Amino acid sequence: MTQLQITAFGDPSVLRLNPSQDKVPAEGEVRVRICFAGVNPIDAKTRAGLGWAAAQNKDKLPWTPGYDVAGVVEKIGPNVTSLAEGDRVCGMVGFPLSAGGYGESVVVAEGELVRLDGIGLRQGAALPLAGLTAWQ
């Protein structure tokens, strides 16, 4: 799989597509094949080296940003009870430190995702951060 990663802090030219291995979900985790990812101000700020997430990840570059995702559960780990392979889901993943949504897949705790019912994947990717902000 490939991930769009921040290789150094700066303008958009610091973003690179890098290969990585698909991870195997551990207990309570699922792997989601990402169909759509949202772009939020925190992603741009972190890429520029601004804010708390950038400060926390400065020694972990290259780093894969992206919090809002929508996709299909392709593998579940042991003891996952609320999701099944093939479920269409969205979520705000890895907030605020691990992120990882700008890739072909991401492994996250099942509690970071919700099943999409009556809404498309494209719209689902736009829901998590903006939707939670509106709800709050």
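## Basis of the report

Contact here means heavy atoms within 4.5 Å. The structure is a predicted model, in which local features need pLDDT of at least 70 and side-chain atom pairs count only at pLDDT 80 or more, while totals for chains, interfaces and linings use all residues. Residues are numbered from 1 along each chain as its sequence is written, and side-chain values use heavy atoms, with hydrogens and water left out.

## Thr46 in helix H1

Thr46 is placed in helix H1; helices (H or I, at least four residues) and strands (E, at least two) are DSSP runs, numbered from the N terminus. Its relative accessibility is 1%, so Thr46 counts as buried. The cut-offs are under 20% relative accessible area for buried and over 50% for exposed, with partly exposed in between (1.4 Å probe, protein chains only).

Not counting residues up to four places away in sequence, Thr46 touches Ile6, Phe9, Ala53, Ala54 and Trp63.

## Asp43 in helix H1

Helix H1 covers residues 41-48 and includes Asp43. Asp43 counts as buried because its relative accessibility is 5%. Asp43 has no salt bridge, and Arg47, the nearest side chain of opposite charge, is 9.6 Å away. A salt bridge is a side-chain nitrogen of Lys or Arg within 4 Å of a carboxyl oxygen of Asp or Glu; Lys and Arg count as positive and Asp and Glu as negative, with His and the chain ends not counted.

The side chains of Asp43 and Tyr102 are joined by a polar contact of 3.0 Å. Such a contact is a pair of N or O atoms within 3.5 Å; within protein, one must be able to donate a hydrogen and the other to accept it, and residues adjacent in sequence count only if both atoms are side-chain atoms. A polar atom of the Asp43 side chain also lies 2.9 Å from the backbone nitrogen of Asn40. Leaving aside neighbours within four places in sequence, the contacts of Asp43 are Gly38, Pro65, Gly66, Tyr67 and Tyr102.

## The aromatic pair

One aromatic pair is found in a search of the whole structure. The ring centres of Tyr67 and Phe95 are 5.1 Å apart and the planes stand at 70 degrees, so this pair is edge-to-face. Rings of Phe, Tyr and Trp (its six-membered ring) pair if their centres lie within 6.5 Å; planes under 30 degrees apart count as stacked, over 60 as edge-to-face and the rest as tilted.

Tyr67 is buried, at 1% relative accessible area, whereas Phe95 is partly exposed, at 44%.

## The nonpolar cores

The largest nonpolar core has twelve residues, including Val30, Val69, Val89 and Leu113. Strands E3 (29-37), E4 and E6 each supply at least two residues of this core. E3 gives the largest share, three residues. Another core lies apart from it and has six residues, among them Val14, Ala53, Tyr67 and Ala99. A nonpolar core is a set of buried Ala, Val, Leu, Ile, Met, Phe, Trp, Tyr and Cys residues joined through side-chain atoms within 4.5 Å.
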